[in-house]
Amino acid sequence: MTRLKRIHFRPHDFTGGLSRREAGDFTTDRRVLLLVGMSIIVGTAGAFAAWCLVSLIALVTNVIWFGEIGIQPASLAAVPRSLWVVLVPPLGGLVIGLMARFGSEKIRGHGIPEAIEAILIGGSRMSPKVAVLKPLSSAISIGTGGPFGAEGPIIMTGGAIGSLFAQFFHMSAAERKTLLVAGAAAGMTAIFGSPIAAVMLAVELLLFEWKPRSFIPVAVAACVSICWRPLLFGTGPLFPTHFQVILPWWGIFACAAMGIISGLQSGLLTTLLYRIEDLFEALPIHWMWWPMLGGLVIGLGGLIEPRAMGVGYDIIDGLLNNRLLAPAVMSILLVKTVIWLFALSSGTSGGVLAPLLIFGGALGWLVGLVMPGNDPGFWALLGMAAMMGGTMRAPLTGTFFAMEITGDVSTLVPLLAATVVAYAVTVLLLRRSILTEKIARRGQHITREYGVDPFELSRAREIMISDVDTLPVAMTVGEACDFFASQQKTHRIYPVVDATGRLAGVVSRADALLWQGDPDLASQTLAENVTDDSVPVGHPDDTVAFIADLMLSTGDGRIPIVDPASGKLCGLIARKDLLRLRSSYRSAELDRRPYLTAGAKSKSR
């Protein structure tokens with residue numbers, strides 16, 4: 001038997017700082033200041049990484065399609081229809097397939113699911129290969145005609161920069177996650193000039209929490225990035241537009257109808273995407289060759305409508321400012337949808353945000369021809385926001401993003417109505433989003449709902465057992481051994497109390513088995529052989545979360561609850577009490593009985 005020092009129940013953290021005895025509104029401590037300082041560096045790096053990616057895309061585009069060396073943005077609308085249009089995208093796909101097979105398979109796809117996987121499964125650790133190969137592969141994919149955007153790759157690249165920076169320091173997985181997401185938000189902010197939307201994207205998609213310890217550094221990184229943007233990309237909104245639309249009193253219902261249409265469009269595209277991906281999975285060839293097949297579809301589509309290739313920011317601008325005719329909008333919508341579905345399903349590298357804006361905007365523009373307001377561009381903006389919010393299951397991101405890229409604050413309420421309705425439609429229609437479906441197919445399940453931990457809301461006194469079976473300190477060791485041996489049903493651990501009810505320690509079945517091998521102890525009392533040191537105890541006002549963490553850190557399934565002033569035993573909490581608490585909260589979700597009825601009113605009279 002090992003004797004222990006008596007400490008008289010001074011507060012002691014057995015959890016190693018993982019939990020809080022004194023509950024406050026937030027768990028954040030001063031370490032967040034360190035993360036803020038580091039996020040300034042990460043935000044700067046993310047902004048410059050975004051500039052490098054956009055410049056690299058423009059360079060590849062200019063060299064491949066126009067035979068010029070330059071980083072000025074170029075539209076593929078001017079590309080002449082020729083055999084070159086059919087050959088270039090498959091060659092780009094072949095290069096990406098080789099890079100993925102012999103470099104890193106993580107570069108496949110549009111980036112956001114891979115970032116989510118790194119956060120939830122990989123301890124927020126990303127490799128240097130990804131930081132280099134992802135932007136390079138995306139530049140090749142988009143520059144050779146891929147109908148993608150740069151936001152997914154920059155989220156992956158900025159996240160990789162933040163993760164790699166964090167890995168040079170002693171940091172927890174949660175802190176690495178914060179810097180990873182800070183880099184991703186900084187990259188998105190730099191490209192689109194949308195710091196609020198970038199922060200909301202972090203909250204709705206990447207952080208899987210809303211805590212000051214992560215929210216503040218991510219917001220700082222986005223603010224730092226937007227400060228660098230005038231130097232790197234220029235000032236002002238990406239698509240400056242101001243709508244002079246006056247809706248009738250029922251206009252908000254028309255906005256909601258736009259949300260329903262976009263939600264159905266989103267569900268259809270998500271379903272088709274993974275159906276086509278299943279077709280690729282069934283091919284009797286290695287996945288390395290799939291991007292080349294997807295590139296062939298891009299090339300054939302480019303013969304029909306060259307504007308469908310590439311990022312398509314000029315198309316977004318044309319939709320918002322009504323510079324396109326209805327036949328052109330219809331042609332772009334159909335061709336770009338087909339080539340995007342096949343290209344993304346093939347596993348090539350590229351983002352989904354810009355294509356989603358074009359799909360939602362084109363359909364919204366066409367619907368806007370019959371909507372009130374006499375401005376199809378306004379309805380195109382609603383379609384863009386609703387498509388983004390519904391498809392990515394990020395309604396606040398979609399709302400603020402559309403407002404920030406146009407700079408028109410007056411559209412906020414219509415945007416919110418359309419986006420929330422689209423979000424509701426996709427949530428009800430589809431179990432998973434276009435982002436999480438890919439992760440689910442790899443065997444991982446993700447829950448996208450936030451909620452307050454019931455263990456943080458409840459106190460120990462609310463769930464503890466007050467009538468506790470105890471052993472007296474005057475009991476001898478021999479009697480204790482006989483007690484454990486004679487009882488058919490005994491607890492594994494019993495608190496030991498003195499005559500005043502003060503906790504003196506605990507005795508376990510393992511202690512009794514150990515004492516049986518030492519006959520010299522039989523006549524000694526428990527008071528001589530147990531101490532209160534290293535006995536994890538809780539107080540009645542401790543949160544249940546603290547008690548649960550005590551159990552996890554010490555391995556004890558029964559935690560005595562004592563009065564902090566007197567040390568008297570008040571109760572005891574076992575694992576089953578925690579399960580009972582969770583069950584009560586689950587029942588609260590399912591209990592739908594009414595509390596006010598007509599009969600009750602008449603009775604009260």
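Predicted model: local features only at pLDDT ≥ 70, side-chain atom pairs only at ≥ 80, totals over all residues.
Colleague: How are two packed helices described?

Modeller: Two packed helices are described by the angle between their axes and by the distance between those axes. The axes are lines fitted to C-alpha atoms, for helices over the stretch in contact, and the angles run from 0 to 180 degrees between N-to-C directions. Helices (H or I, at least four residues) and strands (E, at least two) are DSSP runs numbered from the N terminus. Here helix α1 (residues 31-66) packs against helix α4 (residues 128-143) at an angle of about 40 degrees, with the axes 8 Å apart. That makes α1 oblique to α4, given that angles under 35 degrees count as roughly parallel, over 145 as roughly antiparallel, 65 to 115 as roughly perpendicular and the rest as oblique.

Colleague: Which residues of α1 and α4 make the contact?

Modeller: Contact means heavy atoms within 4.5 Å, and among the residues that make it are Leu-53, Leu-56 and Ile-57 of α1 and Pro-135, Leu-136 and Ser-138 of α4. The residues of this contact divide into eleven nonpolar, three polar and no charged, where Ala, Val, Leu, Ile, Met, Phe, Trp, Tyr, Cys and Pro count as nonpolar, Asp, Glu, Lys and Arg as charged, and the others, Gly among them, as polar.

Colleague: At what angle do α2 and α10 cross?

Modeller: Helix α2 (residues 83-102) and helix α10 (residues 290-304) cross at roughly 160 degrees, and their axes come within 7 Å. α2 and α10 are therefore roughly antiparallel to each other. The contact includes Gly-93 and Gly-97 of α2 and Gly-295, Gly-299 and Gly-302 of α10, and by class it has eleven nonpolar, five polar and no charged residues.

Colleague: In what order do the strands of the open sheet stand?

Modeller: Two strands pair if DSSP finds at least two bridges between them. Three strands form the open sheet in the order β1-β2-β3, with mixed pairing, and the edge strands, each pairing on one side only, are β1 (471-472) and β3 (503-508). β1 pairs with strand β2 (residues 493-497) in the parallel sense over two bridges, and Val-497 in β2 is the bridge partner of Pro-472.

Colleague: Which way do the side chains of β4 point, and are they buried or exposed?

Modeller: In a regular strand the side chains alternate between the two faces of the sheet. From β4, Arg-558, Pro-560 and Val-562 point one way and Ile-559 and Ile-561 the other way, and all are buried, meaning under 20% relative accessible area, with exposed over 50% and partly exposed in between (1.4 Å probe, protein chains only). Strand β4 (residues 558-562) pairs with β5 in the antiparallel sense over five bridges, and the two form a hairpin with six residues between them, where Gly-567 in the turn has a positive phi of about 80 degrees.

Colleague: Why does Pro-560 count as buried?

Modeller: Pro-560 counts as buried because its relative accessibility is 2%. Leaving aside neighbours within four places in sequence, Pro-560 is in contact with residues including Leu-503, Val-506, Val-535 and Leu-572.

Key. Residues numbered from 1 in each chain as written. Heavy atoms only, no water.
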